[in-house]
Amino acid sequence: MVMPADESMSVDDQTGLPNRLSWEAILEVEEQRSRRHGGDHGLVLVQFVGPVDGNLMERAAGAIGATVRDVDFVATVDRQTFAVLALYCQDIPALVGRLRYAFAAVGLPAIAQFDARPAGADLRATWTAMADDHSLPATLRYVDLIAPARLAQN
């Protein structure tokens, strides 16, 4: 879900998605809602490895936005990282599979690391753990690397 901009939302100029400040606010609100009403929620961190330009981020934002459901939230948390809050998601590997397919379909030329974890109502704690350890593959519950299907021929 791409949230409309208002005074309480901060938006990334490049992608038009909520930025890190808005992402943290979304997590807080949804965590409170989850504690009251329950639900199987998941978090996905998508991080590009290597140099990233604005065009790549815009294309990735489009691919992610076209892949997630209307009830999910997507944010740009930094110049190489996207976040997805998948509400009531019982199959996180399937979501990551759809994201991989979407990236391949638009020909994203970079390698991306996906870290996806079930979070339940502990959204902020799970996100903090992901953001802190995503560079340590041994600690991840689910990591998937994608690369272009065809490497450039010299």
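Biologist: Which residue in β4 is the bridge partner of V49?

Modeller: I111 is the bridge partner of V49. Note that this is a predicted model: local features need pLDDT of at least 70, side-chain atom pairs count only at pLDDT 80 or more, and totals for chains, interfaces and linings use all residues. Residues are numbered from 1 along each chain as its sequence is written, and side-chain values use heavy atoms, with hydrogens and water left out.

Biologist: What makes β1 and β4 a strand pair?

Modeller: Two strands pair if DSSP finds at least two bridges between them.

Biologist: Why is strand β4 called mostly covered?

Modeller: Buried means under 20% relative accessible area (exposed is over 50%, partly exposed is in between; 1.4 Å probe, protein chains only). Six of the eight residues of β4, residues 111-118, are buried.

Biologist: How many aromatic pairs are there, and by what rule?

Modeller: The count is three. Rings of Phe, Tyr and Trp (its six-membered ring) pair if their centres lie within 6.5 Å; planes under 30 degrees apart count as stacked, over 60 as edge-to-face and the rest as tilted.

Biologist: What kind of pair do W23 and W127 form?

Modeller: Their centres are 5.2 Å apart, and their planes make 70 degrees. The distance is within 6.5 Å and the angle is over 60, so the pair is edge-to-face. W23 lies in helix α1 and W127 in helix α4, so the pair ties together parts 104 residues apart in sequence.

Biologist: Are these two residues buried or exposed?

Modeller: W23 has 0% relative accessibility, so W23 counts as buried. W127 has a relative accessible area of 5%, so W127 is buried too.

Biologist: Why is the pair of F48 and F103 called stacked?

Modeller: The ring centres are 5.9 Å apart and the planes are at 5 degrees, so the pair is stacked. This pair also links distant parts of the chain: F48 in strand β1 and F103 in helix α3, 55 residues apart. Both F48 and F103 are buried. Ring pairs link F48, F103 and F114 into a cluster.

Biologist: How do you know that the span of helix α2 agrees with expectation?

Modeller: The expected span is 1.5 Å times one less than the number of residues. Helix α2 (residues 54-67) has 14 residues, so it should span 20 Å; its end C-alpha atoms are 20 Å apart, which agrees.

Biologist: What do the buried residues of α2 pack against?

Modeller: They pack against β1, β2, β3 and α3. Contact means heavy atoms within 4.5 Å. Among the buried residues of α2 are L56, M57, A60 and I64. An α-helix has 3.6 residues a turn, so residues three or four places apart point the same way.

Biologist: What caps the N-terminal end of α1?

Modeller: N19 does: a side-chain oxygen lies 3.1 Å from the backbone nitrogen of L21. A polar contact is a pair of N or O atoms within 3.5 Å; within protein, one must be able to donate a hydrogen and the other to accept it, and residues adjacent in sequence count only if both atoms are side-chain atoms. The distance of 3.1 Å is within that limit.

How values were computed:
Helices (H or I, at least four residues) and strands (E, at least two) are DSSP runs, numbered from the N terminus.
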